[in-house]
Structure formats: structure tokens, C-alpha cells
Amino acid sequence: MGSRSSEMEESKWTLKSDATSEPFPYCCSACDCSEETFCGKGFQNRTKARSMSMPSAPSSAKFRRTQSLHGPSPVTTFGPKACMLRNPKAVMHIQDPASQRLTWNKPPKSVLIIKKIRDANLLQPFKELCIFLTQQKNMIVYVERKVIEDPAIANESFVSINNFCTFREDYDDISNCVDFIICLGGDGTLLYASSIFQESVPPVMAFHLGSLGFLTPFNFDTYQSQVTQVIEGNAAIILRSRLEVKVVKEYREKGSVKEMSLVTNGDKTMQYQVLNEVVVDRGPSSYLSNVDLFLDGHLITTVQGDGVIVSTPTGSTAYAVAAGASMIHPNVPAIMITPICPHSLSFRPIVVPAGVELKIVLSHDARNTAWVSLDGRKRQEIAYGDSITITTSCFPVPSICFRDPVNDWFKSLAQCLHWNVRKKQSHLSSEEEEF
């Protein structure tokens with residue numbers, strides 16, 4: 001592992017709002033821990049410092065209209081005596097997307113570069129970016145070790161500079177070391193960045209160097225000026241909500257040491273942060289999947305078909321839209337439930353509030369087990385007695401925009417998905433208008 005300068009300051013970042021009617025509720029700050037020098041033993045046991053906090057909503061004496069995707073902020077008093085009970089555990093409040101801006105409490109000093117593995121076309125952009133950040137911007141650059149072990153990069157001299165550090169996924173904790181993230185590749189690099197940070201995520205700047213590029217709004221041609229703007233705190237930002245997923249495996253003894261090693265005492269709970277979707281499907285079985293879907297403890301339906309997709313608004317334009325769901329703007333606080341090839345013509349995708357808790361379990365009369373995958377990874381079997389609990393996470397992914405959240409999203413719809421792209425109808429001539 002490379003060394004890190006002891007003079008580096010931990011930077012702090014927040015989101016500021018241009019709106020003057022009411023303050024933006026999100027605030028994120030790093031902890032006040034003292035500076036320390038790396039000793040070469042990895043990043044294990046480092047405390048995770050960044051956390052999202054939300055102050056209580058400001059009171060309003062009269063109705064005030066604010067720009068937001070939800071229209072005006074509703075009045076919470078009804079008549080002379082009735083009012084809405086305040087919920088201190090509210091997940092989020094959405095303001096005008098155009099007012100969400102990135103700012104730094106302290107200048108950023110470190111950056112994580114995520115590069116698509118074994119892609120020869122990314123070698124030169126990766127090299128240019130690393131040299132620019134280390135030599136011109138004097139920043140600490142973190143790169144995953146398996147990127148450096150790529151034979152195409154291993155012999156490059158720039159990886160041996162002092163401001164270059166490596167880490168290993170699922171082993172080294174860099175959550176308190178990285179000020180912001182730069183992704184080089186396709187949409188998968190942003191999903192991978194989300195999986196590395198299971199709590200607070202640093203701001204992510206994604207360059208379009210992959211195949212689709214729906215989530216990567218930046219072109220690499222002018223990377224120097226764009227990265228400089230981000231370092232100076234001049235950028236729009238969008239908070240992409242994630243799903244907090246808990247997979248509970250019931251203890252079972254089947255005589256196999258390999259199977260018993262999954263769980264020791266009691267149930268085993270695994271927790272994940274998911275940016276796109278949770279997919280529950282029938283796996284290799286030829287039978288229909290048969291799972292029960294609960295919402296806040298109440299059974300709402302039984303899914304019979306190839307499976308079900310539970311997605312964020314960001315994930316609504318991925319697997320969900322391919323299965324017939326609607327597309328939801330990432331600023332909308334919601335969870336999309338989409339059946340996969342349901343055995344019912346009336347089973348249509350539905351959108352539920354972001355604050356609900358969903359639970360998926362295998363039905364008692366199911367003929368086979370089910371399988372679950374999280375953002376296309378961590379695929380595992382779900383048997384009788386196991387459960388999957390899904391809620392909206394308090395740790396969104398702050399994605400840096402090229403222009404603003406609305407323009408970037410519709411531009412991606414048109415360019416990547418060709419949404420409503422068709423030949424225009426020809427206009428009528430003056431002779432035809434007479435008839």
C-alpha cells in the first residue's frame with residue numbers, strides 16, 4: 001500500500017441550496033478526528049466519519065409556495081385545532097432539484113478513481129487523470145489494487161509516485177479517507193462505487209467511457225476544467241436514493257458442514273446498500289416463483305411469475321423499465337415494485353412511498369426456492385424461513401451533474417434510451433389546409 005502525507009487535512013462537504021425560502025435539509029460533515037499518518041497496515045478498523053443528518057423542518061406561519069417536484073410544500077395545520085403529527089424519523093424532504101449544489105467546508109485533498117477492469121481503451125484516460133490530479137492538483141489518489149495489477153498498467157511508472165495509494169475491496173476501509181470519487185467507464189462503475197461505501201458516500205463524478213452511459217454525464221475531452229470546477233465546489237448535485245436491504249438466513253442443520261458454516265448461532269443477517277434494484281427470481285427452476293410481498297407488516301400480494309424487482313428511482317430506468325415499469329426521476333422519493341413476467345394480466349408495476357418497509361418471503365406452498373441479487377451482485381438462494389427486508393436508506397449517492405438534475409436526466413433518456421425519438425410529422429401545405 002502506498003504512503004499518505006501526514007499533512008493532509010480531512011475535507012468536509014455539504015450540500016447547499018440556492019433557494020432562499022427555506023434551508024436545504026441535508027448536511028454532511030466529517031468527524032473531528034485528528035490527522036494521522038498511514039503505517040502501511042491497511043485501513044482496517046478505521047471509523048466511518050461522514051453521516052447524513054436532517055434538521056427539523058422549518059415552521060411556517062402561512063402557506064408558502066416553493067419550487068419542488070411535489071409542488072408547494074403542504075400546510076400541516078388543519079382548522080383551528082388539528083395538525084399533522086411530526087415524524088422525527090422522516091427519511092427525506094425534496095426541494096427544487098436545481099437548487100442542490102455541492103460545496104466544501106475544507107478543500108478536498110484525496111480522490112478515489114474507479115476504472116473499468118481490463119479495458120485497454122481506458123488506459124490512456126486513466127494515466128492522464130492520475131498525473132493531472134497528483135502533479136497539478138497535488139491530491140492523494142486511491143486506486144483499487146486489482147486495477148494496478150492489470151498487466152497493461154503494472155509497468156507504468158506513474159503508479160510509483162508518492163501520492164498514489166491502493167486498497168482492496170472488502171478488506172480495506174477507505175470510508176474516512178476519500179473526499180470525492182471519479183468513475184471512468186460505464187454505469188457499472190457508479191454501481192461499484194456505491195457498493196464500496198456501505199454508509200456515507202463521497203460525491204461521485206462519472207465520466208462516460210462505457211457502452212450505455214445513462215448515469216455518466218461527463219465527457220472526458222474536457223476533464224481538466226470539469227474536475228477543477230468540482231474541486232472548487234462549483235457543481236450541481238443530485239442525491240440518488242439507495243435501498244437498505246437485510247437478508248435474514250434462518251438457522252438450519254442439514255448435516256453438511258458447508259451448509260452449517262453459513263450460520264453459527266441463530267439467524268444470520270446480512271445488510272447491503274443497493275443503488276439500482278433488488279431482484280428476486282426463480283433461479284434455475286422451471287416452476288413459477290411464489291413469494292409473498294409484505295408492506296409495513298401487511299400482506300399486499302403474492303407474486304407468481306418469474307420474479308419481482310424492487311428498485312429505486314435510479315434503478316427504474318434499468319431492469320425495471322425493461323420489465324415494463326415507468327421511469328421515475330431520481331429526485332422523487334419512491335420505491336418501484338415491478339413483477340417479472342407475472343402469471344396475471346392485471347399485475348402491473350406500482351410505486352410506493354419511500355418511507356415504507358417491504359418484506360419478501362417464500363410462500364408456504366411454493367414449489368421451489370427463490371434467488372436474490374443486489375445490483376446484479378451478491379446472488380444467493382432464499383429458502384423457507386428466510387426473508388428479505390427492504391427500506392429506503394439514509395445514505396444516498398451524491399452524484400455530480402454536468403448541468404443540473406433535470407436536464408441531465410432527460411438528456412440521458414433521449415441519447416441513451418431514445419425516449420420518444422421518431423420522425424416528425426410533415427406540416428400541411430397551403431393547398432392541403434384549404435380542404
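Strand β15 (residues 277-281) and strand β22 (residues 370-374) run antiparallel and are joined by four bridges. The model is predicted: local features need pLDDT of at least 70, side-chain atom pairs count only at pLDDT 80 or more, and totals for chains, interfaces and linings use all residues. Residues are numbered from 1 along each chain as its sequence is written, and side-chain values use heavy atoms, with hydrogens and water left out. Helices (H or I, at least four residues) and strands (E, at least two) are DSSP runs, numbered from the N terminus. Two strands pair if DSSP finds at least two bridges between them.

**The six-stranded sheet**

- Strands β15 and β22 belong to an open sheet of six strands, ordered β20-β19-β18-β15-β22-β23, with antiparallel pairing.
- The edges are held by β20 (350-353) and β23 (377-382); each has a single partner strand, so one side of each is left without a neighbour in the sheet.
- On average, neighbouring strands of this sheet are turned by 20° against each other, direction ignored. The axes behind this angle are lines fitted to C-alpha atoms, for helices over the stretch in contact, and angles run from 0 to 180 degrees between N-to-C directions.
- Asp281 has Trp371 as its bridge partner in β22.

**Strand β16 and its partners**

- Six of the seven residues of strand β16 (residues 289-295) are buried, so β16 is largely enclosed by the rest of the structure. Buried means under 20% relative accessible area, exposed over 50%, and partly exposed in between (1.4 Å probe, protein chains only).
- Strand β17 (residues 298-305) runs antiparallel to β16, and seven bridges join them. Phe294 stands opposite Leu299 in β17.
- The hairpin of β16 and β17 has two residues between the strands, and Asp296 takes a positive phi near 50° there.
- Strand β21 (residues 358-362) also pairs with β16 in the antiparallel sense, over five bridges. Asp292 stands opposite Val361 in β21.

**Salt bridges**

- The structure holds three salt bridges, each being a side-chain nitrogen of Lys or Arg within 4 Å of a carboxyl oxygen of Asp or Glu.
- Arg379 and Asp281 meet through their side chains at 2.9 Å, N to O. Arg379 lies in strand β23 and Asp281 in strand β15, so the pair ties together parts that are 98 residues apart in sequence. Arg379 is partly exposed at 43% relative accessible area, whereas Asp281 counts as buried at 15%.
- Arg282 and Asp306 form a salt bridge at 2.8 Å, N to O. This pair links distant parts of the chain, with Arg282 in the loop between β15 and β16 and Asp306 in the loop between β17 and β18 (307-311), 24 residues apart. Arg282 is partly exposed at 24% relative accessibility, and Asp306 is partly exposed at 22%.
- Lys146 and Glu144 meet in a salt bridge at 3.8 Å, N to O. Lys146 is partly exposed at 38%, while Glu144 counts as buried at 7%.

**Aromatic pairs**

- The structure holds eight aromatic pairs. Rings of Phe, Tyr and Trp (its six-membered ring) pair if their centres lie within 6.5 Å; planes under 30 degrees apart count as stacked, over 60 as edge-to-face and the rest as tilted.
- Phe132 and Tyr223 form an edge-to-face pair, 5.7 Å centre to centre with 85° between the planes. Phe132 lies in helix α1 (residues 123-136) and Tyr223 in helix α5 (residues 223-231), so the pair ties together parts that are 91 residues apart in sequence. Phe132 is buried at 4% relative accessible area, and Tyr223 counts as buried at 8%.
- The ring centres of Phe207 and Phe220 are 5.5 Å apart and their planes stand at 75°, so this pair is edge-to-face. Phe207 lies in strand β11 (residues 204-208) and Phe220 in the loop between β11 and α5, so the pair ties together parts that are 13 residues apart in sequence. Phe207 is buried at 0%, and Phe220 is buried at 11%.
- One aromatic cluster is formed by Phe132, Phe207, Phe218, Phe220, Tyr223 and Phe402.

**A loop glycine**

- Gly233 is placed in the loop between α5 and β12 (235-240) and counts as buried at 13% relative accessibility.
- The C-alpha atoms of Gly233 and Arg101 are separated by 8.3 Å, although these residues are 132 residues apart along the chain.
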